[in-house]
Amino acid sequence: MTPGAQARYQEMDLLTMPAEKRVVFLYTQLLVQLRFARASSGPAAIEERSERLLRAQTIVNELLVSLDHEHGGPIAAQLAGLYAFFLRELMSVRGDDARLDRLIDMAAQLHAAWDVAATQALAAQRSAVGA
């Protein structure tokens, strides 16, 4: 499969997956980008690290704009604040590996929490359909 075709397939997959799984997918991709950025160190890897951090910013921005403030209430507002914090940190991280490590830890914890929540929500939906 060509890279362009693969990208289109992934985009369609992302657009058609349940919202609960989409958030988990975005967090997975965020972690991938952050970990690649962390592994890219030294003067020769500045461009790679910058590109990975830019991709991470794009993912966090997608999480931010996908918040449903009408139905999410205070949780959506708190997540918006958290995502704004992430964006500020990503723009400031540069060569600060300790700061990047903190972001990776936070993203990993959020990923785990969203994965559990998504699994529970989808199980509840299946139970409701089967009832």
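A nonpolar core is a set of buried Ala, Val, Leu, Ile, Met, Phe, Trp, Tyr and Cys residues joined through side-chain atoms within 4.5 Å. Keep that in mind for the opening stop. The model on your screen is predicted.

**Stop 1: the core**

Select Leu 30 and Leu 34. These two have the most contacts inside the largest nonpolar core, a set of 25 residues. H2 (19-39), H3 (46-65), H4 (69-92) and H5 (97-130) each supply at least two of its residues. H2 gives the largest share, with 7 residues.

Stay on Leu 30 and show its neighbors. Leaving aside residues up to four places away in sequence, Leu 30 touches Ala 56, Ile 59, Val 60 and Ala 107.

**Stop 2: Gln 57**

Move to helix H3 and pick Gln 57. Is this side chain's residue buried or exposed? Gln 57 is buried, because its relative accessible area is 19% and the cut-off for buried is under 20%. Display what surrounds Gln 57: beyond residues up to four places away in sequence, it touches Leu 87, Leu 90 and Met 91.

**Stop 3**

Select Ser 66, in the loop between H3 and H4. Ser 66 has a relative accessible area of 42%, so it counts as partly exposed. Look for a polar atom of the Ser 66 side chain; it lies 3.0 Å from the backbone oxygen of Glu 62. Ser 66 and Ala 19 are 47 residues apart in sequence, yet their C-alpha atoms are 9.6 Å apart in space.

**Stop 4: helix H4, end to end**

Start with Asp 68, which caps the N-terminal end of H4. One of its side-chain oxygens is 3.2 Å from the backbone nitrogen of Glu 70.

Next, view H4 from the side. Where does H4 bend? Center on Ile 75: the bend there is about 70°. H4 has 24 residues, but its end C-alpha atoms are only 27 Å apart. A straight helix would reach 34 Å at 1.5 Å a residue.

Now select the buried residues of H4: Ala 76, Leu 79, Ala 80, Tyr 83, Phe 86, Leu 87, Glu 89 and Leu 90.

Finish at Arg 94, which follows H4. Inspect its backbone: phi is positive, near 35°.

Terms used. Residues are numbered from 1 along each chain as its sequence is written. This is a predicted model: local features need pLDDT of at least 70, side-chain atom pairs count only at pLDDT 80 or more; totals for chains, interfaces and linings use all residues. Side-chain values use heavy atoms; hydrogens and water are left out. Buried means under 20% relative accessible area, exposed over 50%, partly exposed in between (1.4 Å probe, protein chains only). Helices (H or I, at least four residues) and strands (E, at least two) are DSSP runs, numbered from the N terminus. Contact means heavy atoms within 4.5 Å. The expected span of a helix is 1.5 Å times one less than its number of residues. The bend at a residue is the angle between axes fitted to the seven residues ending there and the seven starting there. A polar contact is a pair of N or O atoms within 3.5 Å; within protein, one must be able to donate a hydrogen and the other to accept it, and residues adjacent in sequence count only if both atoms are side-chain atoms.
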